[in-house]
Amino acid sequence: MHVQQRSPTLAGFKAVISRPSLGFAEIAWRWSFGFAAVTLIGFSTIEYLDSLPVTYRDELMFRTRQPALISRAISHILRGSSLRVIAVTLLLVTALSFAWMLLGALGRSATARALLEHYTDDSLKPFRLSSLFGLNFLRASATLAAVVGCGTAFLAGGAASPTDDPSPGSAMMICVFIVILVFLAWSVLNWFLSLAAIFVVAGGRDTFGAIAAAVGLFRDRAGPLLAANTWFGLSHLVVFFVAVSVIGFPLAFAGLLPAGVVLGGVLVVVFFYFAIVDFLYVGRMAAYIAILKAPEIVPVVPDQAVTMIDRSELILSDLPNLLPGV
């Protein structure tokens, strides 16, 4: 029987509020990867567009502003470039995945270690960064499998609605059903892999040992873990709706203000949203560590000498003749 002395959700919020440096550390490694990825994708896109041949005939078609002619010009410009798109995409996905696995391992080791030191004064065991790298590799593989699964969903939906006997309703239901199943499976697996990172830093476990420990923690303390997930998930949802509502203000002045000002206002709101989400993620991890470090209260077993019944001792029901009037 496990009894929590305090709410792990409140402990998580308290940790991230009392030590905001943890949230800024999470922002530092996540945003550095995000900006690097956006920059790399942007330069790759520009280089790809510069490599496309545009003829004088294509320019004339663009100047006509006729959708049919513009579509024909784009088709002519992109003809023969599909192999380059595939090659660049595979190269970007591979490079960014490897960078995320390495940077994620370094960032998670720093934040998780700081959170563990926040809850305990004991010296932590040494751990191998390769174990965190292995967890990130499994997360990246799960994400790739989820993308392939969603693509399979569209193929299955198309197969259910052939051209000679179309059935768009059935195709849509099959596609949505498979996508939901894939998303749920990916969410559960990704959550366990994220939770396992704590056991790598806290106990020096290897990749699969940390996964087994995460499953064991969920088996023993599913209630507090689900409660922390629920409250932080609701907080994330509230922040999302607030951000969507605030974005409406700069968009409402799109016809009055310059486009740069409107875009800048939207970007400021988006950055604030992602920053708060990163703080909430650190708070949720702090709640997990609070659950892990919470002491177990073992129910007191009464003294055996008091509770033990001597079955050889006669009781009143064994001697009915001693009862008066019987």
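Reader: What share of the 326 residues in the protein is buried?
Author: In this model, which is a predicted one, buried residues account for 31% of the 326 residues in the protein.

Reader: And how much accessible surface is there, and what share of that belongs to carbon and sulfur atoms?
Author: The accessible surface of the protein is about 20800 Å², and 72% of that area belongs to carbon and sulfur atoms.

Reader: How many helices and how many strands are there?
Author: The protein has eleven helices and zero strands, and when one reads along the sequence the pattern is accordingly written as α-α-α-α-α-α-α-α-α-α-α.

Reader: Among contacts between residues at least 6 apart in sequence, what share joins residues at least 24 apart?
Author: That share is 76%, taken among the contacts in the protein between residues at least 6 apart in sequence.

Reader: Why does Val244 count as partly exposed?
Author: Val244 has a relative accessible area of 46%, and it is therefore partly exposed, since that class lies between the 20% limit for buried and the 50% limit for exposed.

Reader: Changing topic to the cysteines, how many disulfides does the count come to?
Author: The count comes to zero disulfides. Cys150 is in no disulfide, and the nearest cysteine sulfur to it, that of Cys175, is 8.1 Å away, whereas a disulfide would need the two sulfur atoms within 2.5 Å.

Reader: Is Cys150 buried or partly exposed, and what about Cys175?
Author: Cys150, at 24% relative accessibility, counts as partly exposed, while Cys175, at 10% relative accessibility, counts as buried.

Reader: One more residue, Ser109: where is it placed?
Author: Ser109 is placed in helix α5, which covers residues 82-119, and at 10% relative accessibility Ser109 counts as buried.

Reader: Which backbone oxygen does the side chain of Ser109 reach?
Author: The side chain of Ser109 reaches the backbone oxygen of Leu106, at 2.6 Å.

Reader: And leaving aside neighbours within four places in sequence, which residues is Ser109 in contact with?
Author: With those neighbours left aside, Ser109 is in contact with Phe127, Leu129, Leu132 and Val201.

Note on methods: Residues numbered from 1 in each chain as written. Predicted model: local features only at pLDDT ≥ 70, side-chain atom pairs only at ≥ 80, totals over all residues. Heavy atoms only, no water. Buried < 20%, exposed > 50% of the residue type's maximum accessible area, 1.4 Å probe, protein only. Helix = DSSP H or I, 4+ residues; strand = E, 2+ residues; numbered from the N terminus. Polar contact = N/O pair within 3.5 Å; in protein donor to acceptor, adjacent residues only side chain to side chain. Contact = heavy atoms within 4.5 Å. Areas by Shrake-Rupley, 256 points an atom, 1.4 Å probe, with all protein chains shown as cover.
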